[in-house]
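Here is a short briefing on one protein model. Keep the sequence and the 3D view open as you read.

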Amino acid sequence: MSAPKSAFLAAMIDRGFMHQCTDLEGLDAAAMKGVVTGYIGFDCTAPSLHVGSLVQIMILRWMQQTGHRPIVLMGGGTTKVGDPSGKDESRRLLTDDDIAGNMAGIKQVFAKFLKFGNGPTDAVMVNNADWLDKLAYIPFLREVGRHFSINRMLSFDSVKLRLEREQPLTFLEFNYMILQAYDFVELARRQDCVLQMGGSDQWGNIVNGVELGRRIDDRALYGLTTPLITLASGAKMGKTAQGAVWLNADQCSPYDYWQFWRNTEDADVGRFLRLFTELPLDEIARLERLDGAGLNEAKKVLATEATALAHGRDAAMQAAETARVTFEQGGTASDLPSVSLPRAKLAEGVPAFELVVAAKLAASNGEARRLIRSGGIKVNDQAVGDETAKFGLEHLVVDDAIKVSAGRKRHTLVRAG
């Protein structure tokens, strides 16, 4: 088709969000005609979402920014089953209390990105446990299950890959795609929702929902997927040596979040500016043409704009200033990430390799020793050559803390607890 006319689909394509769509022309026409309601589901498997979910969150934000109505579907029901997509083994079954706690943490994220309310384009948050928990098994099989072919279900990647690897797939997980399809039908009935979105690994599940809506209710529904985001190096988005980059501030500080984006690989800067900021496309084009020191400035813009969306403009500017003071002026800012060690332990002296692990700059003693041997560790801005050298209370000199650095960009303050 020609270039889309609707602002929403134009943004999806121009900014790199579009991978597949079940009916691009039909969805474009619907978006031009009036307000489109669309949803993305988020299972409650952890107390926060991480950067790997940010593409989906940004799509919902762009929906709202271009005059449409986003639904955040919390998977209070489907989390009890577990999505087998991309997994080699079954998820650990969570209790109702676990799921409720995770849901409470995840909800905090969306308040930063979306405006909730009762207006025509205000976001809505719903929980699929509201209908899935009440399903009667036999009536559900008769109404919904009869529309699914086992032959076809076995052909979906989420099932086929697990079987090819000879990894067990439980009957519980096998039902996930049916429940996700039914979610779409329920949201269409309850909220007049016509669009489901998700990552490209969800294509089969989304198509199931589109087809189920047509078969059961004769509804015209649409599906849209985004490309799975990997780094230029091929690494998975949102994973670092220290683990996942969480979106909740209590699990990843605004400063650490800013640093994650500041450390973006050169080849990813333009793409990430389009996906994870709302800067105008012409400004992004200018920034991605920069090189050398100019490209570093573009990375700082990316870091500040992405952090402003997730944590607010004030927190983003503070993180940028902390980085400037620490890295450009050689000083230390008091809001660097910090950890505490018992004062009694510091009084005895802590070996350098243990200090590095305590500062969360290495995942193990072995990794810490290797960093020290390679010259990658500084304590209070002085290189450490002896991995067993001890540091204690007498080294609490920088903001009444010990500053531990791995390389030029990762710093932690170790305080006496």
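The points below cover a sheet, a helix, a proline, the cysteines and a surface patch. Bear in mind that this is a predicted model.

**The five-strand sheet**

- Five strands make an open sheet, in the order β9-β15-β14-β11-β12. The pairing in this sheet is mixed.
- The edge strands are β9 (338-341) and β12 (382-383). Each of these two pairs on one side only.
- In general, strands of a sheet pair through backbone hydrogen bonds, and the pairing can be parallel or antiparallel.

- Strand β14 spans residues 402-406. Is it mostly covered or mostly open? It is mostly covered, with five of its five residues buried.
- Both faces of β14 are covered. I402, V404 and A406 lie on one side, K403 and S405 lie on the other, and all of them are buried.
- On one flank is strand β11 (residues 377-379), joined to β14 by three bridges. β11 and β14 run antiparallel. Across this pairing, K378 stands opposite S405.
- β14 also pairs with strand β15 (residues 410-416), over five bridges and in the antiparallel sense. Here A406 stands opposite R410.
- β14 and β15 form a hairpin, with three residues between the two strands. G407 sits in the turn and has a positive phi of about 70°.

- V379 stands opposite Q382 in β12.

**Helix α2**

- Helix α2 covers residues 24-33. Which of its residues are buried? They are G26, L27, D28 and A31.
- What do these buried residues pack against? Their partners are α1 (7-14), β1 (20-21), β5 (195-199) and β6 (222-226).
- As background, an α-helix has 3.6 residues a turn, so residues three or four places apart point the same way.

**A buried proline**

- P70 is found in strand β3, which spans residues 69-75.
- P70 is buried, and its relative accessible area is 0%.
- Which residues surround P70? Leaving aside residues up to four places away in sequence, P70 touches G38, L60, M63, Q64, L114, T121, D122, A123 and V124.
- P70 and I40 are 30 residues apart in sequence. In space, their C-alpha atoms are 8.2 Å apart.

**The cysteines**

- How many disulfides does the structure hold? It holds zero.
- A disulfide needs the two sulfur atoms within 2.5 Å.
- C193 is buried, with a relative accessible area of 1%.

**A nonpolar surface patch**

- Which residues form a nonpolar patch on the surface? They are Y137, I138, L141 and F171.
- Together, these four have about 430 Å² of accessible area.
- Helix α6 (residues 137-143) supplies the largest share of the patch, three residues. Y137 is found in this helix.

Terms used
Residues numbered from 1 in each chain as written. Predicted model: local features only at pLDDT ≥ 70, side-chain atom pairs only at ≥ 80, totals over all residues. Heavy atoms only, no water. Patch = residues over 30% accessible without salt bridge, like charges linked within 9 Å, V, L, I, M, F, W, Y side chains within 5 Å. Areas by Shrake-Rupley, 256 points an atom, 1.4 Å probe, with all protein chains shown as cover. Salt bridge = Lys/Arg side-chain N within 4 Å of Asp/Glu carboxyl O. Helix = DSSP H or I, 4+ residues; strand = E, 2+ residues; numbered from the N terminus. Buried < 20%, exposed > 50% of the residue type's maximum accessible area, 1.4 Å probe, protein only. Contact = heavy atoms within 4.5 Å. Pairing = 2+ DSSP bridges.
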